Amino acid sequence: MSGEAFLPYCRHVVDEDDIAAVAAVMRGDILTTGPAVAAFEDALAKVVGARHAVVCANGTAALHLAVLALEIGPGDAVLVPAQTFAATGNCARYAGAEVVLTDVDPDSGLMRVGDLEAAMAAHPGKRFKAVLPVHLNGQSADMPGLAAVARRHGLKIIEDCCHALGTVAADGTVIGDCRHGEMNVFSFHPAKTIAMGEGGAITTNDEALATRLRLLRGHGITRDSAVFVDQEGGFDDSGAPNPWYYEMQALGFNYRACDIQCALGTSQLAKLPRFAEARRRLVRHYRDRLAPLAPKVKPITLSGGEAVWHLSVALIDYQACGTTRAQVMNALRARGIGTQVNYIPMHKLPYYRGLLGDISLPGAEEYYRRCLSLPLSAAMTEADVDRVVETLREVLGL
């Protein structure tokens, strides 16, 4: 390895004011279920333009809660793009529902209208309840088109926005505002644009869904006397609520996020414009620098709008370059550059292969065959991008 610093494929950016925000909570009296939780939810809802935001332990918990809130379960099926992290499908399996995978655009990894229609047509006997489009790498899927298909078939929409906080779609939709879907789901893992350590959230414009999400997030327990079922247990002879009383009204989970996480999240959220612009600038520079390496190397196809990029993905024809992806990744790492593959298509994972059999989704397979995530974080410079692309060119012999 050279004397230059190692560049990981992703890296969080935490400043002194972030540390101070966390320290302030830790010096206080409340570490969880306190005011920092509500403050983060209010800030997130305002940033994305949704009426409600419900924060939780992580993005997977957020996906699971969204499925549960729609009462999806055994006998139901949901549609998920094959090119995504396994959690997008797993959330339905946790609830006992079936997962039907759709194909994707081989050059962007995004679910298309035709992919959704083809998957539904191939499974005429399924009781489809919802579709979970994924805004991959930071780019928005075609939500107006997908929503039109979903509404025509009576499907609910849960948008997986874990890569796309801050993204504005081609139709002007702010990802998270729930203009097209019942719920939008986010992750605040350190690899994402803002970091909470771990953390996730669901946004919605439906007050009943927000109430149910909060109930399911905390064991299904409520202390709201207005909704108590047991009048005798919940109230004294004068009709006043008993101060110790609570009710478990559903089978929920401990999916809460604590005040420590939310203090960090609120501090980070205030920096979203800066982080977003840095990521956009760096990806523009990547695209300019990669252009001379075409057609053996090219960036993914743009879907329109203004993406806030979670990943900077290059599509590489390894065979034409006379090498393999493993050789390229190892050679880059030896030169101080980390890369990743996001993701193995879900139908290639042993668990889903066991459920679905050997199915063919050529768009997802072609995307996976070529994709390589190059280093991207708001802490990087254009000189870092130059270094990555020049090293990649050398490794590929171009």
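Start by selecting A21, in helix 1 (residues 16-26). Leaving out neighbours within four places in sequence, A21 is in contact with A263 and S267; contact here means heavy atoms within 4.5 Å. Helices (H or I, at least four residues) and strands (E, at least two) are DSSP runs, numbered from the N terminus. You're looking at a predicted model, where local features need pLDDT of at least 70 and side-chain atom pairs count only at pLDDT 80 or more, while totals for chains, interfaces and linings use all residues. Residues are numbered from 1 along each chain as its sequence is written, and side-chain values use heavy atoms, with hydrogens and water left out.

Is A21 buried, exposed or partly exposed? A21 is partly exposed, with a relative accessible area of 23%. The cut-offs are these: buried is under 20% relative accessible area, exposed is over 50%, and partly exposed is in between (1.4 Å probe, protein chains only).

Next, colour the two domains. Domain 1 is 16-269 and domain 2 is 272-396; these bounds come from an automatic or database domain assignment. Their C-alpha centres lie 27 Å apart. Together the domains bury about 3100 Å², 57% of it on carbon and sulfur atoms. That buried area is the accessible area (1.4 Å probe) that two parts lose on being put together, summed over both.

How many salt bridges cross the interface of domain 1 and domain 2? The rule finds two, taking a salt bridge as a side-chain nitrogen of Lys or Arg within 4 Å of a carboxyl oxygen of Asp or Glu.

Zoom in on K298 and D107: they form a salt bridge, with the closest N and O atoms 3.7 Å apart. Keep both on screen and select R370, which sits in helix 13. R370 is buried, with a relative accessible area of 8%. Not counting residues up to four places away in sequence, R370 touches several residues, including P106, D107, K298 and R325. The R370 side chain makes a polar contact with the side chain of D107 (3.0 Å). A polar contact is a pair of N or O atoms within 3.5 Å; within protein, one must be able to donate a hydrogen and the other to accept it, and residues adjacent in sequence count only if both atoms are side-chain atoms. Also, the backbone oxygen of P106 lies 2.5 Å from a polar atom of the R370 side chain.

Last stop: helix 11 (residues 325-334), whose buried residues are R325, V328, M329, A331 and L332. Look down the helix 11 axis: these buried residues fall within an arc of 165 degrees, so they line one face of the helix. The arc is that of the directions from the helix axis to the C-beta atoms. Their cover includes helix 13 (362-370), strand 12 (371-374) and helix 14 (382-396).
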